[in-house]
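This briefing concerns the strands of one protein model and the way they pair. Please consult the sequence and the structure below while reading.

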Amino acid sequence: MKKITVVIYTLLLACCIQVSCRKVEQDIDDQFEQPSVSTTTFTMANGRSFEYPRAAKPGDTITIGGRLNLGRGAVIRLGKENAAIISIDSLDYKYFFTGQLYTFEVAKFIVTPGMGSGPQPLVVTCGRFSNRAPDIVLTAPGEGGGQPDTTMTVTAVFNSGIAGFEARYKPYRNGNDYFNRGRQVTSNGTVYISSAWDIYRFTNGQAERVLQKEDGILIDGQQLKILEIMGMAPDPANTQLYLSLRVAVTATDDYRQANYLLRKDLASGKITVLNKTLLELYPDFDELTGNTIPAVPGWRGQAGQLPLFASNLKVDAKGRLLFSEERLKFYGRIDAGGQVTPLIESYYGQGGLFKYLMLFGFTQDGLAAFVAHENKPDYPWSSGVMVYDLDREEPDTYIDAGVNYTYASFDPDPARRMKVQNGFFGIPETEIPAGIYQPLSRKEMLFVNSFSIASVNHMLAYLYVYAGIELGCTNTQNPDYLLPVQRKLTGPALYVNYGYDEEQGGISFIGTDASGKIYFMRGGMKLTFPNRRYVPPYIYTLGK
């Protein structure tokens, strides 16, 4: 009996010891499966150091580190919203007590306005375990001295390339910037771009070529050969597409080419001819003599009765077509009845219209133009800006040319602002390449300034320089042009600065949709740095 009792006690003791050991092992496993957040400065293997954030505002990038267990499905929540992780870095280490390998992770995410304001808890949850880190004080937009909410992000609309693009555009001889015949966005966010050879439409993340010059075009039952696309513009409702084409025509005399200004109904495909201008060529070679039918240039009248060399097309909010007349150097408008009204002319125009020294662009509704308003092309060059109302044909608002614009950022810290003050427009160009400037309203327009986007605000007469850097944007060509704050990738306007991207080149503005999103394009050109490449267009938006 005693032997049996001893055996039973021995078994019970062994069982208790085993259970106890399992409990200790489980406790140890639980301890290191439970997520943790480091609240002290930590340094990764690459030498980068991070500190636990104590305060932030919408748009800031927050970096936290610890045994986050993100690889096991852990979720990070700050205040009222879960964080959307934008990058994860990791470092494996061995715990000396158990010899097991664990992973130290560094996660980055952007603070959103929906996370709340004031002290907000940061909680990391993995399965049945969670860890609450010290609160982070969030500043709501507009708090702290009236700071505006400048949180803006870049979103790819089309970023997948176009098959066969290099083969098609390698022999292109109309310059290295291919899509300068038209860049437009409709109210619903459909993007159209045109080169001299092709018109592309981008919608729902897909690219569609709606016209190529090899297709020709059917006009009045006759198939005509397209020589060159001169201009293109959709209407805001995305129902009509206006085309300016140079085509070859059959003739018994030397009028063997024609400029056509057309309106195409996108639903039915019906084409309406707004203007046909026949062009005479020298008998022995394909050079224009300058003679046209209709013969006499005119500033006003019916579009079908005037010789027109139309480019830079744009449809305004009232359905009227804006165009640039290349020979007479003026901008005009064609209404629904086909009546041409001249509006403004370059410094060298002879029509007695309002003269502009430089034309920066039209407002999205096409009812006003941003111009440099001094009428002198000699030094000192104009730095003045005027918004000219095209309906009333009078200035809407302007800033005197003597004003020095102050370069500043939205960042309230004076140490991180650009301090350069100077006149802003430099050497005048009557026709500024499309895409450099983008009017947003009658009070503000954006422009691409070297490695950043800035905006001209007429009321305040200074330039906002967004202090951030676009996601994925590099500037190895000259990194010294980036501000220190841009290198740190922090601030309320993170990912809103634009530099030269070695894969896709610089940017060109396209326009804004009905929601106010700003559309821009990279690529669509031949790049020569760091090597020669033929880059298809990539479309992005900038917005809230």
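The model is a predicted one.

**The five-stranded sheet**
- Five strands form an open sheet in the order β3-β10-β9-β5-β6, and their pairing is mixed.
- Strands β3 (55–56) and β6 (81–82) each have a single partner strand and stand at the edges, so one side of each has no neighbour in the sheet.
- Strands β9 (residues 118–126) and β10 (residues 129–138) run antiparallel and are joined by eight bridges.
- Strands of a sheet pair through backbone hydrogen bonds, in a parallel or an antiparallel manner.

- Strand β24 (residues 321–325) is largely enclosed by the rest of the structure, because five of its five residues are buried.
- In a regular strand, side chains alternate between the two faces of the sheet.
- In β24, L321, F323 and E325 point one way, while L322 and S324 point the other way; all are buried.

**The partners of β24**
- Four bridges connect β24 with strand β23 (residues 310–315), and the two run antiparallel.
- K314 has L322 of β24 as its bridge partner.
- The hairpin of β23 and β24 has five residues between the strands, and G319 there takes a positive phi near 80 degrees.
- Strand β25 (residues 330–334) is joined to β24 by five bridges, and these strands run antiparallel.
- L321 stands opposite I334 in β25.
- Four residues lie between β24 and β25 in their hairpin, where K329 in the turn has a positive phi of about 60 degrees.

Definitions and conventions
Residues numbered from 1 in each chain as written. Predicted model: local features only at pLDDT ≥ 70, side-chain atom pairs only at ≥ 80, totals over all residues. Heavy atoms only, no water. Pairing = 2+ DSSP bridges. Buried < 20%, exposed > 50% of the residue type's maximum accessible area, 1.4 Å probe, protein only.
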